Structures are given as structure tokens and as C-alpha cells.
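Subject: Structure handover

Hello,

Please find the structure below for your files. My notes on it follow.

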Amino acid sequence: MGKIKTHKATSKRFSLTKNGKVKLNHQFRRHKLGKKTTKRKRALRVRGYMANAAQCATIRKLIPYA
């Protein structure tokens, strides 16, 4: 039985906590920040957790060794 390959794009965007939750960075935080309000940029700075159970299961399969 061979090793399972890690999906590199997924591993760059998501990470797993020790309890198995999927941690993610928010999008819309790279450029064109002048037109966004300070409140919005501050909210985007906080790391979020994915809530959808089906998507979390898919991401865990894509990054098996995270």
C-alpha cells in the first residue's frame, strides 16, 4: 500500500487543529485594500473555522498528514 499524496493547493489554504477542525484564512485580503473599510479588514484578519461537515471531510482526505 503506497502513501497518499497531499493536495498541495489545499495544504496551502487550510490547516487542521489537533481536534480535527479545519482552520482557514479569509479571502479578499491581498490587494485593493484601499476601498475596504478598516472594520472589514480587521474582521478578515481573524482566522476562521470551516463549519460545513461535508467540506471538512473532503479537506481532511486531501491533506492526510497535516
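Two strands are said to pair if DSSP finds at least two bridges between them. Helices (H or I, at least four residues) and strands (E, at least two) are DSSP runs, numbered from the N terminus. This is a predicted model, in which local features need pLDDT of at least 70 and side-chain atom pairs count only at pLDDT 80 or more, while totals for chains, interfaces and linings use all residues. Residues are numbered from 1 along each chain as its sequence is written, and side-chain values use heavy atoms, with hydrogens and water left out.

Overall layout

The chain has 3 helices and 3 strands. In sequence order these follow the pattern α-β-β-α-β-α. The radius of gyration is 15 Å, well over the 11 Å that the globule rule gives for 66 residues, so the chain is more spread out than a compact globule. That radius is taken over C-alpha atoms, and the globule rule is 2.2 Å times the number of residues to the power 0.38. Along the principal axes, the C-alpha trace spans about 50 × 20 × 20 Å.

Of the 66 residues in the chain, 18% are buried. Here buried means under 20% relative accessible area, exposed means over 50%, and partly exposed is in between (1.4 Å probe, protein chains only). A contact means heavy atoms within 4.5 Å. Among the contacts with a separation of 6 or more, 58% are between residues 24 or more positions apart.

The sheet

The 3 strands form an open sheet in the order E1-E2-E3, with antiparallel pairing. Strand E1 (14-16) and strand E3 (48-49) stand at the edges with a single partner strand each, so one side of each has no neighbour in the sheet. Strand E2 (residues 22-24) pairs with E3 in the antiparallel sense over 2 bridges. Lys 23 has Tyr 49 in E3 as its bridge partner.

The largest pocket

How much space lies in the largest pocket? The figure is about 310 Å³. For these terms, a 1 Å grid is laid over the protein atoms alone: a cavity is a set of points where a 1.4 Å probe fits but cannot get out, and a pocket is an open set with protein on both sides within 12 Å along at least five of seven lines; lining residues have an atom within 4 Å of a point. Grid points are joined across faces, edges and corners, and a volume is the space filled by probe spheres set on the points.

The lining consists of Lys 12, Arg 13, Phe 14, Leu 24, Asn 25, His 26, Gln 27, Phe 28, Arg 29, Arg 30, Leu 44 and Arg 45. Helix H1 (8-13) and helix H2 (38-45) are the elements that give two or more residues to it. By type, the lining residues divide into 4 nonpolar, 3 polar and 5 charged. In this count Ala, Val, Leu, Ile, Met, Phe, Trp, Tyr, Cys and Pro are nonpolar, Asp, Glu, Lys and Arg are charged, and the others, Gly among them, are polar.

Two of the lining residues in more detail

Arg 13 belongs to helix H1 and is exposed, with a relative accessible area of 52%. Leaving aside neighbours within four places in sequence, Arg 13 is in contact with Lys 23, Leu 24 and Asn 25. The C-alpha atoms of Arg 13 and Lys 23 are separated by 8.8 Å, and the two residues are 10 apart along the chain.

His 26 sits in the loop between E2 and H2 and counts as partly exposed at 34% relative accessibility. Not counting residues up to four places away in sequence, His 26 touches Ala 43, Leu 44, Val 46 and Gly 48.

Positive phi angles

Which loop holds Phe 28? Phe 28 is placed in the loop between E2 and H2. Although Phe 28 is not a glycine, its phi is positive, at about 65°. Phe 28 counts as exposed, at 52% relative accessibility.

Lys 32 is also found in the loop between E2 and H2. Its phi is near 55°, a positive value in a residue other than glycine. At 57% relative accessibility, Lys 32 counts as exposed.

Helix H3

Ala 53 lies in helix H3 (residues 53-62) and is exposed, at 58% relative accessibility. Ala 53 and Val 22 are 31 residues apart along the chain, and their C-alpha atoms are separated by 9.7 Å.

Regards
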